[in-house]
Amino acid sequence: MAEKVLMKGNEAIAEAAIRSGCRHYFGYPITPQTELAAYMAKMMPKIGGTFLQAESEIAAINMVYGVAGTGKRVMTSSSSPGVSLKQEGISYIAGSDLPALIINVQRGGPGLGGIQPSQSDYFQATKGGGHGDYHLIVLAPASVQEMADLTALAFDLADKYRMPAMILADGTIGQMMEPVTLENIEYKPVEKPWAITGTEGKRKHNIINSLYLNPEMLEKKNLERFERYKTVEENEVRFESFMMDDAEIGLVAYGIAARVAKNAVTALRAEGIKAGLIRPVTLWPFPKKAVLEASDKVKAFVSVELSMGQMIEDIKLAENSKKPVVLCSRVGGMIPTPEQIIETVKNLEGGMD
Amino acid sequence: MTLEILFAGFGGQGILFSGKLLAYKALLEDRQVSWLPSYGPEMRGGTANCSVTISDTPIGSPIITKPDILIAMNLPSLDKYEDAVKPGGKIFIDSTLITRHVKRTDVEVYEIPATMLANEMGAPTLANMVMTGKLMSVVPEISRDFLEDALHKCVSARHQNLYDLNLKAMDIGAAYEC
C-alpha cells in the first residue's frame with residue numbers, strides 16, 4: 001500500500017502539481033490559499049523550478065500566460081478577490097488555446113468579503129469569468145486526496161484539450177488535513193508542436209496570439225474552440241453517485257457542501273427517508289446526463305451550496321424543469337449543517353404528501 | 001467507532017498542535033482522520049479551535065457541530081461550546097484559566113489545572129500537552145499507541161530538543177487526579 005501522509009489541502013495541491021511536472025509557479029498571497037504558495041516557495045528552488053511572488057495577481061496570471069506559451073506546465077493560485085483580478089489573463093490564455101492551471105480556494109464575497117469558506121464563485125468559474133466565449137475545465141475536490149488527484153488530472157486535461165483548467169476549492173478543503181497518498185501521480189509529458197521553444201532555424205515559427213482583427217477568422221477560431229469543448233463535454237464528465245438508485249430526494253452538492261450533504265443522506269436513510277446525492281466532480285462540464293436520468297426517479301432535487309443559488313441553475317437546465325429544485329444554502333463564510341439539510345428535505349417531503 | 005473531538009482556546013496555546021498529534025496518531029493506527037483548524041484573524045491573539053474526527057469508517061463532513069469530547073483551554077471556549085457537547089460526552093477544562101465549573105450534568109467533566117502544572121515543570125507553553133496527556137489516559141479510543149512516532153512527526157526538526165519535555169508534560173497530565 002502506498003504510504004499516506006497528513007497534509008493540508010493547499011499543500012496537497014502544491015505537491016501534486018510538482019509531481020505532475022509543474023516547475024513554474026506565479027502567485028500573490030491571500031488567505032485561505034497561502035500554504036500553497038508557501039509550499040511552492042520552499043520546494044521550487046530545491047528542484048530547479050521557479051517560484052515567483054509577483055507584484056500583483058494580474059502580473060502573476062500574465063507570467064502564467066507567458067510560460068504556457070512555451071508548453072511548460074505552469075500554475076497560479078489565489079482566493080476569490082485575487083481570482084477576479086486574474087480574469088483578463090485567463091481570457092487571453094483561453095483565447096490563445098493554451099493549457100494552464102488556476103487554483104481558486106474560495107472565500108466569502110462579493111468585494112473583499114471575508115476569509116471563511118464559500119462557493120460563491122461558481123458562476124465566475126463555470127460561465128466564463130473573463131470576456132469572450134470560452135470555458136475552463138472546472139474540477140471541484142471534496143477531500144484532500146482529491147485536491148491532489150484532481151490537480152494531476154487538471155494538468156493532463158489542460159494539455160490534452162489545450163485549454164486552461166481550474167480547481168474550484170474552498171477555505172475548508174484548503175485548510176483541513178487528511179491522510180493523502182501522492183505516490184500514484186506521475187508526469188506524462190505530451191508533444192506540444194505549437195509551443196514557442198525556438199525554431200533553431202529548422203521550422204516555421206509558431207505564433208501564440210488571441211488577436212484576430214478579421215471577423216471571419218475570429219469566428220472560425222471560436223467555432224473550432226467550441227468543437228473541442230463539445231468533445232470535453234462528451235468525454236470528461238465526472239461525478240459521484242451516492243445512494244441514488246432508489247432515491248426519492250436527490251441532493252446535488254460539490255466540495256465541502258457534498259461532505260455535509262453525505263452526512264445528511266446517511267442520517268435521512270437511518271430514518272427511512274430515501275435521499276441520495278449526486279456530487280459533481282467536474283462543474284464544467286456539468287454532469288447533465290446524471291441529473292436528467294435522476295429526474296425520472298426522484299420527486300425533487302435539493303441544491304446544497306455555499307452560495308445564493310448558483311449551481312441550482314445548472315441543475316434546472318439539466319433536468320429541463322421536470323421536477324422542483326429547491327435551494328439549501330449558507331453564505332458569507334458559513335456552512336450548512338446536516339440538520340439544516342435534513343430539515344429542508346423533510347419540509348419537501350411534507351409538502352408532497 | 002467515530003470520535004469527534006474539539007480543541008478550543010487562545011491562539012498560541014498549542015490548540016492546533018494537540019489536534020495534529022491526535023490526527024497523526026490516528027493515521028499511524030491506520031484509521032480514518034480529518035483535522036480542521038479555525039483560520040484567520042483569530043489566530044493573532046483571539047480564540048483558536050480545531051476539530052479532529054477519528055473513525056474506523058470513511059469520514060463525511062470534517063465539521064464538528066456536536067463533539068463527543070471538548071477540550072476547553074479558556075473561558076470563552078467553554079462558554080461557546082459547552083452546550084454543543086453530546087450528552088454522555090466528556091469536557092476537559094484548564095481550571096487554572098477557567099474559574100467557573102462546567103454547568104452541564106449529563107457529561108463527564110475533567111478539571112485539570114494544566115497551566116499551573118505546566119508552569120511548575122518549567123514549561124509554561126505545554127499546558128496543551130498536560131491536557132492531552134489526561135485526555136489519553138481516560139479515553140480508551142485514544143491510547144498511547146504510536147504516540148512517540150506521532151510526536152516525532154509533529155515536533156519540527158528545530159524543536160526536537162522539546163520532544164522529551166512534551167512527553168513529560170503528558171505524563172504529568174495523565175498522573176493528575178481530578
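User: What makes strand β6 (residues 137–139) of chain A and β12(A) a pair?

Analyst: 2 bridges join β6(A) to β12(A), and the two strands run antiparallel; because two strands count as paired if DSSP finds at least two bridges between them, this pair meets the cut-off. Within it, Val138(A) stands opposite Trp284(A) of β12(A). The model is a predicted one, in which local features need pLDDT of at least 70 and side-chain atom pairs count only at pLDDT 80 or more, while totals for chains, interfaces and linings use all residues. Residues are numbered from 1 along each chain as its sequence is written, and chains are lettered from A and ligands numbered from 1 in the order in which they are written.

User: Why are β3 and β12 of chain A called edge strands?

Analyst: The open sheet has 7 strands in the order β3-β2-β4-β5-β7-β6-β12 (chain A), with mixed pairing. β3 (50–53) and β12 (282–284) of chain A each pair on one side only, and these are the edge strands. Neighbouring strands of this sheet are turned by 20° against each other on average, direction ignored.

User: Which strands does helix α3 (residues 57–69) of chain A touch?

Analyst: Helix α3(A) packs on the sheet and touches β2 (24–27), β3, β4 (74–78) and β5 (100–106) of chain A, where contact requires C-beta atoms, placed from the backbone, to lie within 7 Å. The direction of α3(A) makes about 165° with that of β4(A), on a scale from 0 to 180 degrees between N-to-C directions.

User: How many residues does the contact take from each chain, and which element of chain B gives the largest share?

Analyst: The contact takes 19 residues from chain A and 15 residues from chain B. On the side of chain B that touches chain A, α1 (15–28) and β2 (32–37) of chain B are the elements giving two or more residues, and β2(B) supplies the largest share, 5 residues.

User: What makes strand β5 (residues 90–94) of chain B largely enclosed?

Analyst: 4 of the 5 residues of β5(B) are buried, so the strand is largely enclosed by the rest of the structure; buried means that 20 or more other C-beta atoms lie within 10 Å of the residue's own, against 12 or fewer for exposed, with partly exposed in between. Strand β4 (residues 69–72) of chain B pairs with β5(B) in the parallel sense over 4 bridges, and Leu70(B) stands opposite Ile91(B) of β5(B). β5(B) also pairs with β6 (residues 108–112) of chain B in the parallel sense, over 5 bridges, and the bridge partner of Ile91(B) in β6(B) is Val109(B).

Conventions
Two residues are in contact if their C-beta atoms, placed from the backbone, lie within 7 Å.
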